[in-house]
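Visitor: Before I look at individual contacts, I would like to learn how to read confidence and charged pairs in a model of this kind.

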Amino acid sequence: GMHVAGTLNLRGWAVANNGKGVRDVRLFVDDRPIGGACGEVAAARWDTAALAPGRHHVEVQATDGEGRVSKRRIEVYSGAFWLTKVGS
């Protein structure tokens, strides 16, 4: 639920619990790739000035040595929008 503005430095990292290691980590904004790297850590600079006002999703995807993918997603808001639904 964070409000974003300007240029942000994003970093995603992963640790494999199965001992097979992490093959790669990828970063996405609204299902579009913005960065990625082989290994456990990926970083990207994200210019939020081009975003349409409203809700957006930032996702980190990690692939382990066996090809299994794990994903984590957060919502952020840009422009004049701060919250689009009530929560507690």
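Guide: What follows takes up confidence, and then the salt bridges.

Visitor: Where in the chain is confidence lowest, and where is it highest?

Guide: Where pLDDT is low, the predicted coordinates should not be read in detail. This is a predicted model, and the mean pLDDT of the chain is 89, with 90% of its residues reaching 70 or more. Confidence is lowest in strand β1 (residues 2-3), where the mean is 85, and highest in strand β3 (residues 22-29), where it is 96.

Visitor: How many salt bridges are counted, and which residues are linked in a network?

Guide: Side chains of opposite charge can pair when their charged atoms come close. Here the count comes to seven salt bridges, and a network of them links K20, D64, E66 and R68.

Visitor: Which strands hold R55 and E75?

Guide: The side chains of R55 and E75 meet in a salt bridge of 3.3 Å, N to O, and the pair links distant parts of the chain, with R55 in strand β6 and E75 in strand β7, 20 residues apart. R55 counts as partly exposed at 40% relative accessibility, and E75 is partly exposed at 23%.

Notes: Residues are numbered from 1 along each chain as its sequence is written. This is a predicted model: local features need pLDDT of at least 70, side-chain atom pairs count only at pLDDT 80 or more; totals for chains, interfaces and linings use all residues. Side-chain values use heavy atoms; hydrogens and water are left out. pLDDT is the predictor's confidence in each residue, from 0 to 100. Helices (H or I, at least four residues) and strands (E, at least two) are DSSP runs, numbered from the N terminus. A salt bridge is a side-chain nitrogen of Lys or Arg within 4 Å of a carboxyl oxygen of Asp or Glu. Buried means under 20% relative accessible area, exposed over 50%, partly exposed in between (1.4 Å probe, protein chains only).
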